[in-house]
Amino acid sequence: MSRFLQAAHKATQEILPLLRQHTQNLYALHSRGAGGDVSIGADLLSEQIYMKYLLPLASVDSEESGFVQGEGSDYIVLDPLDGSDNFLSHIPYYGSSLALCDKHGKVKEAIIFNFCTQEAIARVGDVTFSLMCGDKSIDSKTPLSTAQSPQAKCGIFEKAYTNPHIAAFLYENGLKFRSLGASALSMAKAFEVNFMLFAGNMRTYDSKAGLFICEPLWHISTKNFTLISKDKHIFDIIRAFLFTTA
């Protein structure tokens with residue numbers, strides 16, 4: 001396992017038990033972060049721990065604090081707590097997103113953690129795989145398939161509440177969906193569900209790791225939407241509608 005993945009895993013294992021304590025400071029509101037949202041205590045705690053492990057490897061561009069200089073010429077795009085509103089609302093769907101980039105911004109490795117299930121999906125080079133994170137070490141990895149999942153019944157549509165016309169189109173075409181509230185995690189779920197759709201312009205902090213991880217799937221990302229699917233037929237149906245309404 002690479003130094004980047006090892007460091008990300010060690011940091012995550014330190015973060016998990018602290019978030020499970022649900023102390024009041026984790027829910028406190030702080031100043032507005034570099035990504036534009038108001039940071040909460042859990043955001044800043046997660047960022048602090050990731051910084052401790054990541055800065056000896058590379059600089060870090062974090063959603064909370066922006067760019068922080070580290071070692072070497074690489075930098076890491078970090079969302080230390082993807083799904084902060086879910087955390088605040090005690091909805092068990094939140095995690096983190098990390099993308100290791102060279103000095104030109106090209107992603108070399110990426111990993112997305114689900115803090116609630118202790119699952120992770122990562123990509124190194126051309127290999128995408130899932131991990132179950134144990135208490136002390138990363139267990140053996142499982143390569144992910146790009147084949148369609150016949151057992152999947154739903155897709156994921158983030159920001160559905162602001163786009164009723166798209167929601168109506170999906171309903172009319174028998175494309176069930178859920179809106180889960182953590183965009184990076186939902187991008188990683190594209191390997192299991194029928195599709196992942198985000199309406200709007202995704203921020204780099206949300207999408208850098210996810211787009212790299214999902215590169216083997218059918219995907220498109222514009223300033224108006226991001227669409228990912230293992231199923232080309234579903235991908236083409238949704239894509240055609242989105243371009244006619246753009």
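Colleague: Which residues form one aromatic cluster?
Modeller: Tyr27, Phe87 and Tyr94 do. Rings of Phe, Tyr and Trp (its six-membered ring) pair if their centres lie within 6.5 Å; planes under 30 degrees apart count as stacked, over 60 as edge-to-face and the rest as tilted. Bear in mind that this is a predicted model, where local features need pLDDT of at least 70, side-chain atom pairs count only at pLDDT 80 or more, and totals for chains, interfaces and linings use all residues. Residues are numbered from 1 along each chain as its sequence is written, and side-chain values use heavy atoms, with hydrogens and water left out.

Colleague: Good to know. How many aromatic pairs does the structure hold?
Modeller: It holds 6 aromatic pairs. One of them is phenylalanine 157 with phenylalanine 177, edge-to-face at 5.4 Å centre to centre and 75° between the planes. Phenylalanine 157 lies in strand β11 and phenylalanine 177 in strand β12, so this pair ties together parts 20 residues apart in sequence. (Strands are DSSP runs of E, at least two residues, and helices are runs of H or I, at least four, numbered from the N terminus.)

Colleague: Is phenylalanine 157 buried or exposed?
Modeller: Phenylalanine 157 is buried, at 0% relative accessibility, while phenylalanine 177 is partly exposed at 22%. Buried means under 20% relative accessible area, exposed over 50%, and partly exposed in between (1.4 Å probe, protein chains only).

Colleague: Switching topic: what order do the strands have in the open sheet?
Modeller: The 5 strands go β12-β11-β13-β15-β14, with mixed pairing. Two strands pair if DSSP finds at least two bridges between them.

Colleague: And which strands stand at the edges?
Modeller: Those are β12 (177-178) and β14 (218-221); each has a single partner strand, so one side of each is left without a neighbour in the sheet. Further in, β13 (residues 196-199) and β15 (residues 225-229) run antiparallel, joined by 4 bridges. Leucine 197 stands opposite leucine 227 in β15.

Colleague: What about helix α6, how many of its residues are buried?
Modeller: In α6 (residues 204-213), 7 of the 10 residues are buried, so to speak mostly covered. Among them are Tyr205, Phe212 and Ile213.

Colleague: What sits over the ring of phenylalanine 212?
Modeller: The charged end of arginine 123, 4.3 Å from the ring centre. Likewise, lysine 232 has its charged end over the ring of tryptophan 218, 5.2 Å from its centre. The criterion is NZ of Lys or CZ of Arg within 6 Å of the ring centre and within 35 degrees of the ring normal.
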